[in-house]
Each structure stands twice: as structure tokens, then as C-alpha cells.
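This briefing goes through a few features of one protein model. Keep the structure in view while reading.

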Amino acid sequence: MRKILLPLILFYLFGSVSVLAQKVYKFGVVGTNKATFIKSLIKRMTLEEKVGQLNLVLSGGDPATTAQKEAAVIRASKGGAIFNVAGADLARKYQRIAVEETRLGIPLLFGFDCIHGMRTTFPIPLAESSSWDLKTIEQSTRVAAREASAFGVNWVYSPMIDICRDARWGRIAEGAGEDPYLGSMIAAARVKGFQGTDLSANNTVATCIKHYVAYGAAEAGRDYNTTDMSERTLREVYLPPFKAAVKAGALSVMSSFNSFNGVPSAANPFLLRQILKKELGMKGFVVSDYDAVRELISHGVAKDSIEAARIAIEGGLDMDMISNIYRDKLVGLVKQKKVSEKLIDEAVERILLVKYDLGLFHNPYLYCNANREKNDVMTSENLQAALEAARKSIVLLKNDDHILPLTKSGKVIAVIGEMANSKSDMNGCWATYSRSDDPTTILDGIRAAAPDCKVFYAKGCKVDAKEPEDYSEAMELASRSDVVIMTMGEYGWMSGEGMSRANLDIVGNQLDLFKHLQTLGKPIVVLLTNGRPLVIPYLAEHATAILETWFLGTKAGNAIADVLFGDYNPSGKLTVSFPYCVGQLPLYYSQLPTGRPHDEDPKDPYRSLYRDVTNDALYPFGYGLSYTSFEYSNFRVLNPVMTADKGIDVCVDLKNTGSREGEEVAQLYIRDLYASVSQPMKLLKRFSKVSLNPSETKTITFHLNRDDVKFYKEKVGWIAEPGKFNIFVGGNSRDLLKASFELR
Ligand code: NOJ
């Protein structure tokens, strides 16, 4: 008893004091029972203090100098979390104000956008998803968590897990592509990587999965635009990654900017209360996106900020990101009995729970260790992880005459293109804490990997020039070379938030320069630098080889050189379909059938087809080549009858028929041939990444059960209907072996 009393007496006398090496903070003795501690803390809080916890403050810099305003807000107990503080010492200053200068000393959350690495920058998420390598992906977020936490961040606005099927939307770069199954696996892997197995360790951070929900389906690919969809599509396509991430333990969720069937996500009780909190069992809290509470007025669903605050809190939104509307309006709304204080308590409880799980009540300064900032960032281990992730993200789209890999000896290589000599662009979009001069350029990577080659460089043209340019230097160098390596695509900033484009052709003079180079008759290897599928049928036809290199982060140049010269055999597979033209969008492999299938009678125009372009993708989902070749054979369903309690096992033999070791992503799809609602013609259900030596064969086995064949039927729920299914296996979503089974 005395053990508890003594610190308590000292705490009431002196605020926070160190007693018997145990720090006692103003919020009281934490104890081991989380729920009891949080409930009793909430009881001690005034209404104003509770509302303060629901306010996310935007940092303006050092609280001692530039950010007096923010410091004052926190000092007044009007902020529960702060956004954009990165730096252990800076974080400590803010945390000290919260812990020592407020009545209850409740520690702050420090939120930051850590989308693909903190300082050590990993490939943009769309690129990394092309690895289909869950361990690598988990590892990259583990490294990001280590680095973010070393900079004082304990809450990341990541991972971005929006499914997207429309490359006009620039934010496709931030996600894992078009498929809900793969997207779910990746979402869970990223949550595990960030949060680790012990969230209260000093190098793990709370995730904020985003953007909930269906933001990637913005109409016409225009950012922030409305989303209108059936509940079935929501639940089958856009929700699964969120479900998987919540199951993996994600501790917070960011609502999306879009309205969903007319109701903005930030104030949508169906999405937030019914689905997220009730059905998915989300225990943590929901934060709005940037200023989104105020945007309820622009959406036309709130007449003023008072109403915006009311409908958001009633809708299930727990924390307001920077609009200050919760801070300024909720107290009044509760006092006037227009909002129940119970709603405020519920939101506070969710936020305090995350603070508790992060270990902040045991040590508010857990993440404020300036030594870690020096020792744990850009370590050789972190850089090695970035290199591996970058190599695995590259997709070989074309390789005529086996031009790749290039030999390292004695060649004359002309490297052309603005992106070949850019460091900062290699970081891609949302590289918030990356340094623009950290990455290795493509040119430097090539030079370092092939010291015996003569490597010449000319910019040739800018990425986005509006005027004609002088190609003479590029043409001259190319004419003296054995092979031309040309970068083409976007600047790093051209994809990401607010980067919607209605036209996805290669911009500027890049294609024109390519055509000039073609006249020299040299092999041309195109390195695509882009954050989204671009329209590249001309290149697909005329380039000798194409490597999709996206934006690969700090080790971009080294990874690309490793692939160019064969030190790494490419194994990436697209997670998003590449269209022939923008008019095909949205484009995805898992199309529903129509009443007039286009391939039944190609001569009949009254079919579901375009008159001017095929329905197919230029490069389909799952596609990617290797320097070796693979053969699938002997595909068999061992027990082709599935029942409620007995699944099926399917096997296929995969052989490396080439002369190099390589990795292949074997993909398993199904089609439910007949059901009460129309089913996709293919749906990814399993995959396996397998490494094979030349001539080696491995048998891959997949197991499926009844849960895998369920679909969502509106007003009924998830059901499986008996009947026949086709099942497919192969190296991409187009070229597949077929078998069948039956569900009884
Ligand atoms: C807006 C973006 O939509 C979101 O992804 C990001 O986390 C916030 N701004 C904060 O930067």
C-alpha cells in the first residue's frame, strides 16, 4: 500500500517525480489493467480535456521559437496528437509540454506520413507490390518503423491500402494495385512490419490504414472525386484489405476524402460505425484526412462547422486532422446537449488505448531518443533491405533476342534520358523525409556495375518539355554505342496525391526522341520510370527490351544496374493491368462476364467490345518475364469435390526450362461458372513465389476451402453456392492452364 501511496503523495505535491527509479506522471499510476486505467483516467478528465484529445494539431516547427501557437494549444490541453514533427529532440520538446505543462500530462501521439520508408527510401508501394514477396514487404515497413521511431514518430499514416483500377488516379502509386486478395495479404504484411510483435517497444509504431474507403474508385480517376458503388463491390473489392489490416492489429484508420454513395467517409455511420467498428471489430480510432471535417461543408452535407463537428462525431470519426473544428465546436455541442458526451468518451477511450499500447503511459519519452536517430538510420542493414526490395520490384516487360542481361565487358553503352541522371526523382512521391541527394542515380548504378564498359550519358530531352529540343548529343552518343539505354516516363512527383491525369501517354518529347534513336538501328532498352501504368503500345512494339523500374528509392540505380547486367534475375509481376489506351479505364483482370461476351464471335460488333481497341490489357495483371523461362504442366485437382468440411488440393509442376536460376510467381485463379449473382471470369485465390535452378522442377500444391469460394450477396451476406468452378494456374492472369472442381 505504501508503495502506491508514497508516489501518489509525491505526485500530488510535485507533479512528475522520480521515485525509486520509477517515474510517476500526472496521469497517475498506470498499473497492469489497461481498461481500468483508461476508464479511471477518462473519469478524471474535464469535457474540454477530452475534446482536446480528439484534436490533431499541425506542427509549425520548434515549439520554443516558431511554433508558439501549437505549443500553446498543447499547453492548454487542446491537442492529443501532433502531425509532422520529425526529430527526436523536437518530439521531446513537444512531449515535455504535454506531459509536464498540462494538468493531466497525457502524452502526445506523433503522426507522420511514412509511405515507403522514412529516410532510407524503399520503392513506391505499387512497385514493391510487384515483388509479390510478403516477407520483403514486411521487412521494408519494419525498417521504416525503426527509422520513423528513431525520429520521434510513433504513429504512421501508412500503409495506404486502397485498391485502384484506374491509372488516371495518381495515388495508385501509393497502393498495392488492383486485386483485393493480394492487396489484403500486402496490407497485413505492412501492418505487421510497422507494429511488430511488441507495440510498446521503442522501434515499433502504430499504423493508420488509409484511406477508408473506396477512395481508389474516385469517378473518372479524378482525385477527391465521389465514389458510387454497390455494397457488393465495396465488400468484395475495396473492403478486404481493411479487413485484413484490422485483423493484423492495425490501431488506427484514416477516413477517405471521397463521399461514398453520397455520404462523405468522414461522417459516414454506415462505413465507420456499422462496418469498421462493429463488423470488423476495429478497436483503435478513426482520424479524418487533412481538413476533411471542414470539407463536409464543401461536400454540401453540413451547413457550417458546428454541423460538421456533429455529423462527424455521430458518424464515428474520433479525431479531427487539423481543421480545429472538433476543438472549437464539440464542447459547445455537448453543453447544449446536441451531442452526447458518451460519444466523446468513446472516441477518447479509443485514442488513449492506442497511446497505452504504444507504451506512452509507461514512458512518454520512449520515442525521443536522439542516439537512435544517429545510430538506427540509413544503416548498412537498412540500405541492404532497400536494395533487395528495389531489385524485387522491377518487372521485365519485354526482352527481344535476349538482349538483357547485358554483358559487363567491353560494351559501349549510351544512357539517355533526364531520369537516368536524377537522384531526387528516384524517391518517387510521398518521400516526405527522404533526402533528395541520397539515391544512387541510374547512371551511377550502371557505371559502378560495369566499370569495363564505356558508358556515355546525354539527357536527350526533358521529361515534360513543351518545346522542341536538340537531340544532337544524344544521337551522336547513341550512334557510337552498342546499345542504348533510355529512361522514359514521369518525374517522381507526377504520381501521388493530386496527380490525376486524363492522358497517360508518355509526355514531352520522350517518344519523339525514341523514334529518332530508332533510326540508328541500335538495340534500345527502355527503363520506365513511373508511378502508375502508362500508355505504351508503341514502346511495347518497338523497344528491344522494357524494364518497369517505377521509382525504387535510395538504391534505385544499383538495383536497376543489377538487373540490367544480370546480377539479379528479374522476378517482379505487375499488380495492375497496363492499358492500350486511357479509354479502357478502369481496367482490371477480374471482369464480370456480360450477356454478349466479346470473344464468342469477334466479327459481330454487337458484343461488349470497343470498335477501335481490344478489351484486353497490353500487359495483364500478374505479368512479368524473367531471364529464364518456366513451364507449367501436369495441373491436377487431387480431389475435385469440395464440401463444407473438405477442401480441395491442386498441384502443378513448375519447371525452369532456361539456363539461369530464377524465381516465378505461380498464380491460382478460380471462376464460379454459375451463381445467383454474376461472378468474375478470374479471381486470384493463391500464389506462391518459387525459386528454381535450371532444369529443376518443383510441384506446387495449393489448398482451397469453402471460404475461398464465397461471394457477397446483398441482403444475404457471404455465401457459397454449390456448382461447378474452373480453376486456373499460370505465370500471369492471361496465360493459364485450366481444370475444374465442384462444390457440393
Ligand atoms: C492527405 C492525404 O490524403 C493523406 O494520405 C495524408 O496522410 C494526409 N494528407 C496527411 O499528410
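Strand S4 (residues 81-83) and strand S5 (residues 109-112) run parallel and are joined over 3 bridges. The model is a predicted one. The points below cover the sheet, a pair of helices and the cysteines.

**The sheet**

**Two helices in contact**
- Helix H9 (residues 231-238) and helix H10 (residues 240-247) have axes that come within 5 Å and cross at roughly 50 degrees.
- H9 and H10 are therefore oblique to each other.
- H9 contributes Leu234, Arg235, Glu236, Val237 and Tyr238 to the contact, and H10 contributes Pro240, Pro241 and Phe242.
- Of the residues in this contact of H9 with H10, 6 are nonpolar, 2 are charged and none is polar.

**Cysteines**
- A disulfide is a covalent bond that links the sulfur atoms of two cysteines.
- The structure holds 0 disulfides.
- Cys368 is in no disulfide, and the nearest cysteine sulfur, in Cys114, is 17 Å away.
- Cys368 is buried, with a relative accessible area of 3%.
- The sulfur of Cys581 lies 17 Å from the closest cysteine sulfur, that of Cys164, which is too far for a bond.
- Cys581 is partly exposed, at a relative accessible area of 25%.

Note on methods
Residues numbered from 1 in each chain as written. Predicted model: local features only at pLDDT ≥ 70, side-chain atom pairs only at ≥ 80, totals over all residues. Heavy atoms only, no water. Axes fitted to C-alpha atoms, helices over the stretch in contact; angles between N-to-C directions. Helix = DSSP H or I, 4+ residues; strand = E, 2+ residues; numbered from the N terminus. Parallel < 35°, antiparallel > 145°, perpendicular 65-115°, else oblique. Contact = heavy atoms within 4.5 Å. Nonpolar A, V, L, I, M, F, W, Y, C, P; charged D, E, K, R; others polar. Pairing = 2+ DSSP bridges. Disulfide = S-S within 2.5 Å. Buried < 20%, exposed > 50% of the residue type's maximum accessible area, 1.4 Å probe, protein only.
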